[in-house]
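Please keep the structure in view while working through the points below.

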Amino acid sequence: MMVSGVRQNLLMLQPALRTLTHDYNTLKRQVRDFPGLLYETMREARDEFSQVVKHVQDTNAELLSKYRRELYLRKECHNQLVRLRGNIRVLARVRPITSEDGIGAGAQNVITFDQDDDGILHVTHKGKMQTFELDKVFPPGTTQDEVFEEVSPLITSCLDGYNICLLAYGQTGSGKTYSMEGTVANPGINQRALRLLLSEVSERSSSWEHHLSVSMAEIYNETLRDLLGSDYHSSLDIKMAPGGAGELYVPGLTQRSVRNMSDINKVLELGRRQRATECTNLNAHSSRSHALLILTVKGRETSTGICTTGKLYLVDLAGSERVSRSGAAGERLREAQCINRSLSALGDVFSALRSQQAHVPYRNSKLTYLLQEALSRDGKALLLLQVSPVEQNVNESLCSLRFGDRVRSVELGIPSRKIEQAGATVTESSESESPSPRGTRTTSVRKKLPASVRQRIGPP
Ligand SMILES: Nc1ncnc2c1ncn2[C@@H]1O[C@H](COP(=O)(O)OP(=O)(O)OP(=O)(O)O)[C@@H](O)[C@H]1O
Ligand SMILES: [Mg+2]
């Protein structure tokens with residue numbers, strides 16, 4: 001009876017056992033297949049994910065390329081507008097950190113750049129980032145060559161009879177002299193400009209005769225001195241040339257003809273030796289004067305007899321640092337005050353031009369008076385802001401950049417050049433940066449003046 005009961009139970013358990021065995025086998029299979037399944041699912045998920053990432057990347061690349069194209073077009077439009085309005089172009093060059101910056105928090109870099117826009121510069125100060133937009137920004141690694149390439153179209157336009165002015169502005173030690181003068185091995189804008197003009201003159205020699213002459217002057221404590229003459233200590237005056245055309249000249253300022261590189265190097269070396277340099281506790285070789293390299297180009301087109309005179313002013317301004325910062329006293333204090341006064345006179349000229357005032361106070365300083373023709377409606381100007389990258393100079397850097405920001409909105413108007421033909425002086429306005437004297441000119445004659453003495457540096 002009991003045995004039959006057990007058998008009965010066993011018989012009842014058999015289907016359950018079969019189900020269990022089946023389930024067990026199914027589970028075993030699933031466990032065996034699981035890694036493969038997992039791998040497959042993960043592969044599919046990864047493929048899907050990669051596709052999504054690729055799609056996002058493609059979209060990003062497309063957007064970036066559209067953004068860059070827009071940026072490029074915007075720059076082009078801006079440059080066109082700058083030319084049409086005769087805006088002063090403002091470039092900024094940030095020098096590398098040097099051993100003279102020392103170590104520690106004060107020597108930390110505070111300047112960053114925009115990878116996609118070469119006109120943007122960010123300054124971080126007290127945890128806040130300020131952004132400046134300029135016509136072009138040169139980061140610390142920029143070579144002298146690259147800087148020169150950017151300014152060369154402006155420089156060559158003096159061959160076409162324009163008055164051009166390029167000013168290097170910034171606090172002491174920010175690299176003004178490095179950019180303008182450079183070193184023997186790596187010359188700056190001054191030497192490169194003269195070299196370029198010589199080569200352009202020789203290229204145009206089949207149809208034009210050109211004569212290049214160089215003057216070098218220094219404005220020190222509001223006194224204009226000749227850097228190439230025998231009497232460095234005598235002070236020069238700026239005078240209005242007779243003839244009523246409102247042209248300026250500097251009686252007694254030496255002009256040296258230059259025909260080749262050897263002439264150029266001799267002239268530059270002589271001027272460099274004369275330049276007054278003094279020490280402040282900010283820069284051991286601080287230049288305490290404004291140095292001007294003035295190039296006059298007289299041209300004559302052989303077939304037509306048309307004559308042009310262009311003038312190029314390359315100016316290495318004295319440091320724009322505030323008096324309190326340089327720790328100056330006595331004679332150094334007087335120098336610093338004179339520098340500050342003439343730089344603020346420069347600022348006033350820019351302000352008057354910006355707000356299109358009828359009276360522009362050029363005569364408030366020797367510097368602005370001398371540069372009047374280039375800083376007026378008939379000239380073309382470019383400001384090269386020199387910027388130190390380190391924390392201890394951040395306030396001065398911000399001052400320079402704000403100054404540049406204001407200058408950028410100055411509109412000089414469409415530049416014009418004066419040409420002489422058959423005894424009459426004609427003023428032409430042109431909308432192109434550097435029209436070829438051989439090519440067709442898209443110019444319009446603005447006004448005709450009677451035969452007049454051309455503006456010159458040297459005796460009338
Ligand atoms: N782009 C640069 N690359 C390498 N060194 C540089 C650069 N710019 C400036 N320097 C170095 O920084 C130092 C200061 O430069 P520089 O004398 O040109 O300043 P500055 O603005 O003319 O000063 P100051 O107003 O006192 O005359 C120099 O030792 C110079 O060689
Ligand atoms: Mg200097």
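**Confidence, core and helix packing**

This is a predicted model. Among the elements of the protein, strand 17 (residues 443-449) has the lowest mean pLDDT, 31, while strand 2 (residues 111-113) has the highest, 97. For the protein, the mean pLDDT is 83, and 83% of its residues reach 70 or more.

- Where pLDDT is low, the predicted coordinates should not be read in detail.

**The largest nonpolar core**

- The largest nonpolar core has 82 residues; those that touch the most other members are Ala92, Ile164, Cys165, Leu166, Leu295, Tyr313 and Leu383.
- Helix 7 (residues 331-354) gives the most to this core, with 9 residues.
- Leaving aside residues up to four places away in sequence, Leu166 touches Val151, Leu154, Ile189, Leu314, Val315, Leu382 and Leu384.

**Helix 2 and helix 4**

- Helix 2 (residues 144-156) packs with helix 4 (residues 189-203) at an angle of about 50°, and their axes are 10 Å apart.
- Because of that angle, helix 2 is oblique to helix 4.
- Helix 2 and helix 4 form a right-handed crossing.
- From helix 2, Val147, Phe148, Val151, Ser152, Ile155 and Thr156 meet Ile189, Arg192, Ala193, Leu196, Leu197 and Glu200 of helix 4.

How values were computed
Residues numbered from 1 in each chain as written. Chains lettered and ligands numbered in written order. Predicted model: local features only at pLDDT ≥ 70, side-chain atom pairs only at ≥ 80, totals over all residues. Core = buried A, V, L, I, M, F, W, Y, C linked by C-beta atoms within 7 Å. Buried ≥ 20, exposed ≤ 12 C-beta atoms within 10 Å, placed from the backbone. Helix = DSSP H or I, 4+ residues; strand = E, 2+ residues; numbered from the N terminus. Contact = placed C-beta atoms within 7 Å. pLDDT = per-residue confidence, 0-100. Axes fitted to C-alpha atoms, helices over the stretch in contact; angles between N-to-C directions. Parallel < 35°, antiparallel > 145°, perpendicular 65-115°, else oblique. Left-handed = near helix turned anticlockwise from the far one by under 90°.
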